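This report goes through selected features of the structure shown below.

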Amino acid sequence: MSGKLHITEIGRIAVPAADQDRAREFYVDTLGFELRSDETFADGKMRWIEVVPAAGSTALAIAPPMEGGPAAVDTWIVISTTDIEADHAALKAAGVDVDEEIAHWGDPVPPMFRLRDPAGNSLTIAEPQR
């Protein structure tokens, strides 16, 4: 079957946000993601926002929660950093909802901490060991 498919990458991951403006501001202004797309469609009733880390290719699609679906999720998204200590301190100082401490489990697990966006979605930031 795999020889018949044309899959190339994980292009985007959807994250629910009832307040898309607030979510866009958080991901762009606080986390430093780049805005890839912010378009309305369906006669202005719906909006599609995509943001991506500056050095990344996989985008987050900030979308309204699906009808009957959760307003926030544990995304299982792990964002890489080159300086976990500095990022943890900066996000904490900015008032972002982050874990109190960085988890250091030891090899092979990289140091990591979790954060929650304004909608309550949780993400993880980790510093891969090189």
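## Backbone exceptions

Is Trp 76 buried or exposed? Trp 76 is exposed, its relative accessible area being 72% (buried is under 20% relative accessible area, exposed over 50%, and partly exposed in between, with a 1.4 Å probe and protein chains only). The model is predicted: local features need pLDDT of at least 70 and side-chain atom pairs count only at pLDDT 80 or more, while totals for chains, interfaces and linings use all residues. Residues are numbered from 1 along each chain as its sequence is written, and side-chain values use heavy atoms, with hydrogens and water left out.

Trp 76 belongs to strand S5; here helices (H or I, at least four residues) and strands (E, at least two) are DSSP runs, numbered from the N terminus. Although Trp 76 is not a glycine, its phi is positive, about 65°. Ala 42 is also not a glycine and has a positive phi of about 55°. Ala 42 sits in the loop between S2 and strand S3 (46–52) and is partly exposed, at 40% relative accessibility. Asp 107 and Pro 108 are joined by a cis peptide bond with omega of about 5°. Pro 108 is in the loop between strand S6 (97–98) and strand S7 (112–116). As background, most residues other than glycine have a negative phi, and most peptide bonds are trans.

## Salt bridges

How many salt bridges does the structure hold? There are nine salt bridges, each defined as a side-chain nitrogen of Lys or Arg within 4 Å of a carboxyl oxygen of Asp or Glu. One of them pairs the side chains of Arg 24 and Asp 38, at 2.4 Å from N to O. Because Arg 24 is in helix H1 and Asp 38 in strand S2, this pair ties together parts that are 14 residues apart in sequence. Arg 24 is partly exposed at 29% relative accessibility, and Asp 38 is partly exposed at 23%. Both residues belong to a network of salt bridges that links Asp 21, Arg 24, Asp 38 and Arg 47.

Asp 21 is in helix H1 (residues 20–30) and is partly exposed, with a relative accessible area of 48%.

Asp 99 forms a salt bridge with Arg 116, where the closest N and O atoms are 3.1 Å apart. This pair links distant parts of the chain, with Asp 99 in the loop between S6 and S7 and Arg 116 in strand S7, 17 residues apart. Asp 99 is partly exposed at 25% relative accessibility. A further salt bridge is formed by the side chains of Lys 92 and Glu 100, at 2.7 Å from N to O. Lys 92 is partly exposed at 35% relative accessibility, whereas Glu 100 is exposed at 53%.

## A buried serine

What does Ser 37 touch, not counting residues up to four places away in sequence? The contacts of Ser 37, on that count, are Trp 48, Ile 49 and Glu 50, where contact means heavy atoms within 4.5 Å. Ser 37 is located in strand S2 (residues 34–41) and is buried, with a relative accessible area of 18%.

## Nonpolar surface patch

Met 1, Leu 5 and Ile 7 make up a nonpolar patch on the surface, and together they have about 380 Å² of accessible area. Accessible areas come from the Shrake-Rupley method with a 1.4 Å probe, and for residues only the protein chains shown count as cover. Patches are made of residues with over 30% relative accessible area and no salt bridge; like charges are joined within 9 Å, and nonpolar side chains (Val, Leu, Ile, Met, Phe, Trp, Tyr) within 5 Å.

Met 1 lies in the segment before strand S1 (12–16). Met 1 is exposed, at a relative accessible area of 72%.

## The largest pocket

The largest pocket holds about 530 Å³ of space. A pocket is an open set of points on a 1 Å grid over the protein atoms alone, where a 1.4 Å probe fits, with protein on both sides within 12 Å along at least five of seven lines; lining residues have an atom within 4 Å of a point. Grid points are joined across faces, edges and corners, and a volume is the space filled by probe spheres set on the points.

The lining consists of 22 residues, and Phe 33, Pro 53, Ile 79, Ser 80 and Thr 81 are those nearest the centre of the pocket. Strand S4 (59–63), strand S5 (74–80) and helix H2 (84–93) each contribute at least two lining residues. S5 gives the largest share, four residues.
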